[in-house]
Amino acid sequence: MNFDPIAENDICALQNLVDVLAPVETAVTELSKNDANLITAEGVYKFLFEKLQPMQTDIAKKLIYAIQKRMDERRDPVLMTLILYLQSGNIPSSNDYFKYSSKNAAISFAVKIMEQIYPQMFIEEHINSDSTSSSSDAD
């Protein structure tokens, strides 16, 4: 069997691939844990982007682009804002990696969810507020 020597640019390309896949392996390991949740995923993706961004190789740029594109399709900024607000008490700021919504949008979303989960409570509250306003109108 006759093997051709590996070209220097092939070695460089393979090294770039190894460098890119190392943080991907860490990310996949963390996301595969039983206790992983959306907050975990947010941190893992931030870690991954922070590791890939400085590499400035074609493969790293393409991977960042593909992950961000997929996240834009699947990730709900209002839901993530609400989850992080409930966890920390602070509204996160949008950055290079993630888009977040305003506090008002997150609160409106929370109210909508509460109305769906506990519709009777909101109906009673609406009835009580109507009767209170009617009685004050009669005064």
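The following dialogue explains how to read several features of this predicted model.

Reader: On what basis are residues numbered and features reported?

Author: Residues are numbered from 1 along each chain as its sequence is written, and side-chain values use heavy atoms, with hydrogens and water left out. As the model is predicted, local features need pLDDT of at least 70 and side-chain atom pairs count only at pLDDT 80 or more, while totals for chains, interfaces and linings use all residues.

Reader: How many helices and strands does the protein chain have?

Author: Helices (H or I, at least four residues) and strands (E, at least two) are DSSP runs, numbered from the N terminus. Here the protein chain has 6 helices and 0 strands, in the pattern α-α-α-α-α-α along the sequence.

Reader: Which residues have the most contacts inside the largest nonpolar core?

Author: In soluble globular proteins, nonpolar side chains tend to be buried together. A nonpolar core is a set of buried Ala, Val, Leu, Ile, Met, Phe, Trp, Tyr and Cys residues joined through side-chain atoms within 4.5 Å; buried means under 20% relative accessible area, exposed over 50%, partly exposed in between (1.4 Å probe, protein chains only). The largest such core has 15 residues, and those with the most contacts inside it are Leu48, Phe49, Leu52, Ile67, Met71, Phe98 and Tyr100. Helix 1 (8-31), helix 2 (38-52), helix 3 (58-74) and helix 4 (77-88) each give two or more residues to this core.

Reader: At what angle do the axes of helix 2 and helix 4 cross?

Author: Axes are lines fitted to C-alpha atoms, for helices over the stretch in contact, and angles run from 0 to 180 degrees between N-to-C directions. The axes of helix 2 and helix 4 come within 10 Å and cross at roughly 105°. Helix 2 is therefore roughly perpendicular to helix 4, a term for angles of 65 to 115 degrees. With contact meaning heavy atoms within 4.5 Å, Leu38, Ile39 and Glu42 in helix 2 meet Leu79, Met80, Ile83, Leu84 and Gln87 in helix 4.

Reader: Is Ser101 buried or exposed?

Author: Ser101 counts as buried because its relative accessibility is 15%. This residue is found in the loop between helix 4 and helix 5 (103-117). Not counting residues up to four places away in sequence, Ser101 touches Pro77, Val78, Thr81, Ile91 and Ala106.

Reader: What is the phi of Gln56?

Author: Most residues other than glycine have a negative phi. Gln56, in the loop between helix 2 and helix 3, has a positive phi, near 55°.

Methods: Angles under 35 degrees count as roughly parallel, over 145 as roughly antiparallel, 65 to 115 as roughly perpendicular and the rest as oblique.
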